[in-house]
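Student: I've got a model open and I'd like to learn how to read it. Could we go through it together?

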Amino acid sequence: MAELLSDDQLDDVLPKLPGWTAQDASLVRTVELESFARAIMVVNRVAEIAENDNHHPDVDIRYKTLTFRLSTHHKGGITALDVTLAEEIDGVLDALA
């Protein structure tokens, strides 16, 4: 089972996740897409990945702006599961944004 990342581990990982910040024991990234339809396409693809991984982000949809918040809730903070999901979300954004 994934363990919480230490502050040092988080400091090592954040530079490898451009656009992501650590806020309130979560990894957070906000992106603006070209349209509402494109934003929903991204959310739908991320939902497929999250279901497959059995690790689900909090997603805030504001027209064409998406905010992803990743935390391993049962651990109370950021784990390697969140880092992996952040990388997968970045892949989706690279492909669809």
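Tutor: Let's start with the overall fold and then go to single residues. This is a predicted model, so to speak of local features we need pLDDT of at least 70, and side-chain atom pairs count only at pLDDT 80 or more, while totals for chains, interfaces and linings use all residues. Residues are numbered from 1 along each chain as its sequence is written, and side-chain values use heavy atoms, with hydrogens and water left out.

Student: How many helices and strands are there in the protein chain, and in what order do the elements run?

Tutor: Helices (H or I, at least four residues) and strands (E, at least two) are DSSP runs, numbered from the N terminus. Here you'll find three helices and four strands, in the order α-β-β-α-β-β-α from the N terminus on.

Student: And what does the radius of gyration of the protein chain say?

Tutor: It is taken over C-alpha atoms, and the globule rule to hold it against is 2.2 Å times the number of residues to the power 0.38. The protein chain has a value of 13 Å, close to the 13 Å that the rule gives for 97 residues, so it is as compact as a globular protein of that length. The C-alpha trace spans about 35 × 25 × 20 Å along its principal axes.

Student: What share of the contacts joins residues at least 24 apart?

Tutor: Contact means heavy atoms within 4.5 Å. Taking the contacts between residues at least 6 apart in sequence, 67% join residues at least 24 apart.

Student: What percentage of the residues count as buried?

Tutor: Buried means under 20% relative accessible area, exposed over 50%, and partly exposed in between (1.4 Å probe, protein chains only). By that cut-off, 37% of the 97 residues are buried.

Student: Which residues of the largest nonpolar core touch the most other members?

Tutor: In soluble globular proteins, nonpolar side chains tend to be buried together. A nonpolar core is a set of buried Ala, Val, Leu, Ile, Met, Phe, Trp, Tyr and Cys residues joined through side-chain atoms within 4.5 Å. The largest one here has 22 residues, and Trp20, Leu27, Val42, Leu66, Phe68 and Ile89 touch the most other members. Helix 1 (7–13), strand 2, helix 2 (36–53), strand 4 (65–70) and helix 3 (80–96) each supply at least two residues of this core, and helix 3 gives the most, with six.

Student: Where is the place of tryptophan 20?

Tutor: Look in the loop between helix 1 and strand 1 (21–23). Tryptophan 20 is buried, with a relative accessible area of 5%. Leaving aside neighbours within four places in sequence, its contacts include Leu27, Phe68 and Ile89. Its C-alpha atom is 9.4 Å from that of arginine 69, 49 residues apart along the chain.

Student: Is serine 26 buried or exposed?

Tutor: Serine 26 is buried, with a relative accessible area of 5%. Find it in strand 2 (residues 26–32). Not counting residues up to four places away in sequence, serine 26 touches Thr21, Arg69, Leu70, Ser71 and Ile78.

Student: Which loop holds asparagine 54?

Tutor: The loop between helix 2 and strand 3 (58–62). Asparagine 54 has a positive phi of about 55° although it is not a glycine, and at 62% relative accessibility it counts as exposed. Tyrosine 63, in the loop between strand 3 and strand 4, has a positive phi near 55° and counts as exposed at 58% relative accessibility.
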